[in-house]
Structures are given as structure tokens and as C-alpha cells.
Amino acid sequence: MTDVAIGVDVGGTKALALIVARDGRVLGELQAPTPHAHDDGAGTATAKVLTELINELCARHALDSHEVPVGVGLPGLMRRDGRLAFAPNLRTASGADLGTLLGESLSSSIVFCENDANCAALAEHEWGAGRGIDDFVMVTLGTGIGGGVVADGKLVRGRSGFAGEIGHMVVVARGVACPCGGHGCWERYASGGGLHRLTREAAIEGRLPTLVAQSGSAASVRAEDVTAAAAHGLDEAVMLLKEVGWWLALGLANLAAILDCGHFVIGGGLSSASDLVLPSAREYLADLVEGYSARPAITITSSMFGPRSGAMGAGLVAFERNT
Ligand SMILES: [Zn+2]
């Protein structure tokens, strides 16, 4: 049995690679920017970046990249055969067979691909905030929103492996355009990308006067400015993060109504703002979910591994499939 695996989480902006031990310890880490331009649509540039990342990480830790199992978490619709069928937030690799490309470039037969949020759910279920919990939903707030649904102790995969695309649940009919081609998807309101959009909107509408004065113009206020100012108690910034909390609660209420899950684990890049967003989401959930007082308590917690859970779970996928 292998002692370590490589887990890679390919996000909209960067790819994170970890060396993961079977008990969940992280023994090494390296990251690289995700390529967006100059790809040929077949994922060749993405595969090249990932190959270099994995080889470099292995070299630094005296591992042989031909022999270490590799798991790769990718954003979008992952077919059961490992092909990335559709990836609105990673368009250059949409349709690519990255598992095969990486297997060829690493000269390895032990490369496995999985949806990134499913990876995060598996890591949290095995080692983290979902440990011992049979019914929970992993919600990753990054460029978009990813989801991994665990029901009766098992990951729900669906007919084609596409289950858990919760970020594209429509929360506003004919709402804001989404990279997936739809309108009003949840991730346009409650993700890191959603916060960016809401920030711009609020700045233009005059709801962020202090931040606009500080940065010189409405167009130059960034989501990070809102998060930082809210941490220092600036009212207008706190109000905007409360708004994000409401949008988050709206989607969670829909999921609770459908799945009767008692627990949500929130991870991803926006989880750094979770101290400010999650309390308001908890508050709003009580009003938004059907029969809140008749249900056992619904809990919303931060992921234990933050932005690392996807890569850790990809490592777990590598362990489990390399048998
Ligand atoms: Zn969408």
C-alpha cells in the first residue's frame, strides 16, 4: 500500500498540489497559476502546468512521479470516465481528457480525476468537519460555488457523475448572466465572484462611500477591500457581507428543503471571510428554510482545511482508487 499520494486542486486562478499521507497529514505543498490564455481547447496547456507542478513537488521531496498515485480535482462536470465534460470557470480545459494527458506526460497509470468540490467533501468527511456525519453538503465558495453532497454516508454522484452542481441552482429568475450560459445562478450572488460583483454594484449605487473615497473611484473598490474593512468594523462593508450571507442562506435553505441535510461545511477561497458571512447566513436561514423550528438544528460550519480541502480530497481519491 502506498504511504503518500499527490492531490492537486485546479481552481479558476491557481492549481494547488499537496503531498498527502494516508492519515491526512500534508507533507509538502506547491502551487502554480492556472493557465487561461494560449490553450488549444484540448487542455494541453493545463496538463503541461500540472505536469511541471507535480514533477517539481516530487523532486523537492525525493518522490518518483511515475510511482506515486495522483488525484486531480477539477471544477465542472466530471464524467465517471475522468473526462471534464463542461467547465464554465475553466473554459480552456472544458472537454479535455486531463487524466489521460497527465498519465501520458507523467508516464503513470495511476492518475485519477474527480470534481473538485466532491474531493473537498471526501476530505472533510474522512478527516475534517464532516467526520462521523452521514448527511451534509460541502459548499466551496471560490470563483464560483462547488458542491459535494454526502447522503447516508456516501458521496452522491448522480447518473453521469455530475451531481452536486449547486452553484448553478437558479436563485433569481432571469437574473445575472453566468459563465455557464444561464442566468441567476446561485454562484453569481454568494461566491468570491459574487462578492466582487456585489461590491462593484454597491460602490456604483453609493452604498460604499468610505471605501470609494479611500480608493479614488467606485470602479477601483475591490472585494478584498470590503472584507478587510468589515473585519475592522466599517458598517458599510459589514452590511455588504451580510448581504452575501443572505444569498448564501437562500441557497442553503433550498438544499435543506431538497436533501434534509442537517449540516453544511463551507470551504473554498472565500472562507477567509467566513467569520463575517457565516453568522448572518445562520441568522437568515431560520427565516428562509421551510419549517425551521420543526426541524432538528441545522448547522453551518467552516471547513477544517480551508482552501486545502480540495487538494487533500484529491489525494484521498488517489489512495482509494489505486487499489
Ligand atoms: Zn451558472
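Predicted model: local features only at pLDDT ≥ 70, side-chain atom pairs only at ≥ 80, totals over all residues.
**Helix α10**

How many residues of α10 are buried? Eleven of the 13 are, so the helix is largely enclosed by the rest of the structure. The cut-off behind that word is 20 or more other C-beta atoms within 10 Å of a residue's own. The buried stretch includes four glycines or alanines to start with: G310, A311, G313 and A314. S309, M312, G315, L316, V317, A318 and F319 are buried too.

Now for the strands. Six of the seven residues of β9 are buried, so β9 is also largely enclosed by the rest of the structure. Strand β9 (residues 145-151) pairs with β8 and with β10, and here is how those pairings look:

| Pair | Direction | Bridges | One bridge | Residues between |
|---|---|---|---|---|
| β8 (residues 136-141) and β9 | antiparallel | six | L141 with I145 | three |
| β9 and β10 (residues 154-155) | antiparallel | two | A151 with K154 | two |

Both pairs are hairpins: β8 runs into β9 with three residues between them, and β9 into β10 with two. Which residue in the β9-β10 turn has a positive phi? That's D152, with a phi of about 50°.

Technical notes: Residues numbered from 1 in each chain as written. Buried ≥ 20, exposed ≤ 12 C-beta atoms within 10 Å, placed from the backbone. Pairing = 2+ DSSP bridges.
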